[in-house]
Amino acid sequence: MAGTLYTYPENFRAYKVLIASQYSGTPVKVDPDFVFGETNCSESFLQKFPNGKVPAYETKDGKYLTESNAIAFYVANDQLRGTNDFNRAEIQSFLSFADNELLPAVQGWTFQIIGIVPYNKNNVERAKEELRRGLAVLNSRLLQQTFLVGQRITLADIVVFATLLHAYEYVMDPSFRAPFAAVNRWFTTMMNQPQVLAVVKAPTLCAKVAQADPKKYAEFQAKVSGSAPAAEKKKEKKEKKPAQEKPEPATIEQPDAADELLAAEPKQNDPFELLPKGTFNFDDFKRFYSNEEEAKSIPYFWTKFDPANYSIWYGEYKYPEELTKVFMSCNLITGMFQRLDKMRKQSFASVCLFGEDNNSTISGVWVWRGQDLAFKLSSDWQVDYEVYDWKKLDPASDETKKMVAQYFSWSGTDKNGRKFNQGKIFK
């Protein structure tokens, strides 16, 4: 007798379980009567699985499991779980890496394309950066070996494959995939395994990134809010099928949720408030920059910028010889941004990494209220700035205008000819 898996169709999390069962030979039956939004909200289901999330698994002897990685582990065999203690630990490491590093990036990009969250250019760019960083880690690993752990397929390969599936299908076009040849080779190998094809139809790799369509987001919101037309809801109920693009509710996170949490914190004195306010509205510019192409947003910046009360600065990392792996250098930028979080309201920056592993530099253009180096206004802001050389720029000069255009559009080379690799926006 097989255990029962509760899930909606084409759930990438359920793929982990079903592929693992194909390799191990452990029979798993998918409940054919499951209806997302009905079955998992029923009293009988919630008695077994109180959080109402899927996939959920009921063993043949009446035990209950949730969380896809745990279910996949349960139905796997010893080969998939790891053949020694170190391999088992490595597999767990990759499972955490998939959930904590890859998945937020994949969903942060794909959700905006398929209409689950509203489109925001900066959030998409941030997701792209995070995905590049994660793929670089995988690529380095897979340059040395065929599979992620050991010489044969394990849960590490299955979980990472399922996590990356939608990215390869919807958004990772040939130009984005090109730097990660080893990952591409591994992904193609995985998707053509008989055990994978028994669960997932061979994916068509993305040829061109689809454009975000606001109508898709409106339609998705109508469905999740229950405002879909009555005839459409009746049809869905009759067919007992959820929307194909509908994920688990617990995984739908608005990209701006962190900003909302910050807004709920007790108000603290803002050192910028002691300075003249001027006419430049950061919120207005950030909104325009996030939603328009640079061909419009850069001229818009100059029409709005108030040089009497705001200043532009160039910051360059002092110790490029210490920069090794690109993803580690990107972590330096991200860490600095996180520690300067309370500075965001009255500042904006585009910080770029130029070059490649073991030959890179970090530099950026910053804008903030006031004419002096802003980090000195608060002891909370003085944790990273001293590792950068800072130069105040003349907003009236052509050189500054060229530099702003370069950094705001993420293009060009550094002063030593290193090509732009990736960038991060502080807003």
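Let's start with two helices, α7 (residues 155-170) and α9 (residues 181-191). They pack at an angle of about 105 degrees, with their axes 10 Å apart. Axes are lines fitted to C-alpha atoms, for helices over the stretch in contact, and angles run from 0 to 180 degrees between N-to-C directions. So α7 is roughly perpendicular to α9. That label covers 65 to 115 degrees; under 35 is roughly parallel, over 145 roughly antiparallel, and the rest oblique.

Who makes the contact, meaning heavy atoms within 4.5 Å? From α7, the list includes F161, L164 and L165. From α9, it includes W186, F187 and M190. The residues of this contact divide into eleven nonpolar, one polar and one charged. Nonpolar is Ala, Val, Leu, Ile, Met, Phe, Trp, Tyr, Cys and Pro; charged is Asp, Glu, Lys and Arg; the others, Gly among them, are polar.

A word on the source. This is a predicted model, where local features need pLDDT of at least 70 and side-chain atom pairs count only at pLDDT 80 or more, while totals for chains, interfaces and linings use all residues. Residues are numbered from 1 along each chain as its sequence is written, and side-chain values use heavy atoms, with hydrogens and water left out.

Now the whole chain. It has 17 helices and nine strands. Of its 427 residues, 48% count as buried. Buried means under 20% relative accessible area, exposed over 50%, partly exposed in between, with a 1.4 Å probe and protein chains only.

Next, a sheet. Four strands form an open sheet with mixed pairing, in the order β2-β1-β3-β4. To pair, two strands need at least two bridges found by DSSP. The edge strands are β2 (28-30) and β4 (64-66), each pairing on one side only. Neighbouring strands are turned by 25 degrees against each other on average, direction ignored. Strand β1 (residues 3-6) pairs with β2 in the parallel sense, over three bridges. In that pairing, T4 has K29 of β2 as its bridge partner.

Helix α3 (residues 68-75) packs on this sheet, touching β1, β2, β3 (56-58) and β4. Its direction makes about 130 degrees with that of β4. Which residues of α3 are buried? S68, N69, I71, A72 and V75 are. They sit on the same side of α3, because they cover an arc of only 160 degrees around the axis. The arc is taken from the directions from the helix axis to the C-beta atoms.

Most residues other than glycine have a negative phi, and most peptide bonds are trans. V54 and P55 are joined by a cis peptide bond, with omega about 5 degrees. E67, in the loop between β4 and α3, has a positive phi of about 75 degrees. W410 has one too, about 55 degrees. Buried or partly exposed? E67 is partly exposed, at 46% relative accessibility. W410 is buried, at 15%.

Last stop, strand β7 (residues 359-369). Ten of its eleven residues are buried, so β7 is largely enclosed by the rest of the structure. Strand β5 (residues 310-317) pairs with β7 in the antiparallel sense over seven bridges. Strand β6 (residues 347-356) also pairs antiparallel with β7, over ten bridges. There, V351 stands opposite G364.

Definitions and conventions
Contact means heavy atoms within 4.5 Å.
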